[in-house]
Amino acid sequence: MSYSPGISLPVIQQPEAIMQQVAEHKGCGTHGGSGKASCGSGAGQNDLAPEIWEKVKNHPCYSEEAHHHYARMHVAVAPACNIQCNYCNRKYDCANESRPGVVSEKLTPQQAAKKVLAVASTIPQMTVLGIAGPGDPLANPEKTFETFRLIYETAPDIKLCLSTNGLMLPDHVDTIKKFNVDHVTITINMVDPEIGAKIYPWIYWKHKRYTGVEAARILTERQLQGLEMLTERGILCKVNSVMIPGINDKHLVEVNRAVKSRGAFLHNIMPLISAPEHGTVFGLTGQRGPSAQELKALQDSCEGEMNMMRHCRQCRADAVGLLGEDRSAEFSTEKIMAMEVNYDSETRKAYQAKVEVERDAKVAARQSELETLAGEMSDIKVLIAVATKGSGRINEHFGHAKEFQVYELSTAGAKFVGHRRVDLYCQGGFGDEDSLDTVIRAINDCHAVFVAKIGGCPKDTLGKAGIEPVDRYALEFIEQSAISWFKDYLDKVNRGEIEHSVRGDADIRQGAFIAA
Ligand code: CLF
Ligand code: SF4
């Protein structure tokens, strides 16, 4: 049954032409050499139709470029779920968008609305409110839409975003449209019910529990129908898929084609994170997650077809901040309720204008550095890892990095291809050798690691592992610095000073439960 709010909201009218353009948008719409789609979620202003750029430019998930500058927040108003995934333990947040083992603080819609205003006042670059759990938002439609209504009325400059397993989606598309929820994510792990039966033991639909292939058939039909209905209405859709080696890894290419043909804007293939202590079916049966190179190879193989998201952090259902940082602890319910909230959209706008100036400077610096590679003929590609706190700069100390961003360098430039979560190396003033091993395993496929600062001991160990520590670009822009370093690297190869070699695979941290 769809949710009909008591109060009717004024719908922001979208010009026909814009809606048509978004509805017709299949992939990024730009073409690189040989007629190939050239962009990923790294697509910039020049790669997208202006109306679509307007929708994605400040959305940290829909634009890789934006995620260095803009933040999102989630409010955990939706506790119930209507299906069971084999990678989920319902004691924790929905694993379709969260890492396993994360528990969020649940809120009422009123508490959520106050929290959004408090965060928006404190973090002016927070541009998007998402509802992504801890269960399924559309299994809790009253709470979900009441929260959207309250935010829409009090802070209309904040974009609204929703993430769902899709079972109830067809019943709610008109309400989603009515509330100007501009961005919807659906988790689609299969379009073949036989494969689905290995991922979903049951669903609960129309007051009845379905199991096995029948459950998976209903789920896939509802997901694809919901996706089509949303894109027909001009709502930007992202599809999340969990890559489960041996179950749906090869099949995800087919999923990619199916969602692209139904107008999905972005595909986010995430690694299964699976360990026995998560208490999930997959954790207990020893189902492994993919390695970093397996994940990248699948993402690469789908990229010619449509936009791929590679910067997802599998956020918690009450995440706050830039992707990759988590400030949720600063905004506990107790702290929020005691806070004086001073929501001022003009201050937010002024701050965001400054962010845009920095962003333009970054793009210009990248462009001018790229010109130095003009005429270079080489097939060499290398990965590098970068320690950053945001703003697109190399501004994090090696020992303080909780993750490294990974870029692929080639004569085409620097392309963001993922991130690697790690254990902190610096433990209160001293280095932890066990952590250093896990850091090296996490970035083992990289030729260099770019940092703002690094101590002598880790520097030596990284060097011995064949990973060059690079601190000469401290505080500089990432892409500009990476291209400059790559140019030197090619020059050394061309002069015969070094021999280029391909590095090995790397680990995706499966780890114990992580709070942030
Ligand atoms: Fe949240 Fe999701 Fe909206 Fe983003 S997250 S509801 S689209 S605002 Fe983003 Fe987090 Fe990945 Fe989700 S990084 S888990 S994709
Ligand atoms: Fe868990 Fe989310 Fe799947 Fe529901 S949809 S079972 S909350 S992972």
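**Cavity, ligand and sheet**

Mentor: The lining of the largest cavity divides into 12 nonpolar, 5 polar and 8 charged residues (Ala, Val, Leu, Ile, Met, Phe, Trp, Tyr, Cys and Pro count as nonpolar, Asp, Glu, Lys and Arg as charged, the others, Gly among them, as polar). This is a predicted model, where local features need pLDDT of at least 70, side-chain atom pairs count only at pLDDT 80 or more, and totals for chains, interfaces and linings use all residues. Residues are numbered from 1 along each chain as written, chains are lettered from A and ligands numbered from 1 in written order, and side-chain values use heavy atoms, without hydrogens and water.

Trainee: What counts as a cavity?

Mentor: On a 1 Å grid over the protein atoms alone, a cavity is a set of points where a 1.4 Å probe fits but cannot get out; lining residues have an atom within 4 Å of a point.

Trainee: How much space lies in the largest cavity?

Mentor: About 360 Å³, a volume being the space filled by probe spheres set on the points, which are joined across faces, edges and corners.

Trainee: Which residues lie nearest its centre?

Mentor: Pro271, Leu295, Cys312, His419 and Ile508, out of 25 lining residues.

Trainee: Which strand gives the most to that lining?

Mentor: S14, with 5 residues. Strands here are DSSP runs (E, at least two residues), numbered from the N terminus.

Trainee: Changing topic, what is closest to ligand 1?

Mentor: Cys61, His74, Cys161, Cys312 and Cys315 are the closest of 16 surrounding residues (a heavy atom within 4 Å).

Technical notes:
On a 1 Å grid over the protein atoms alone, a cavity is a set of points where a 1.4 Å probe fits but cannot get out, and a pocket is an open set with protein on both sides within 12 Å along at least five of seven lines; lining residues have an atom within 4 Å of a point. Helices (H or I, at least four residues) and strands (E, at least two) are DSSP runs, numbered from the N terminus.
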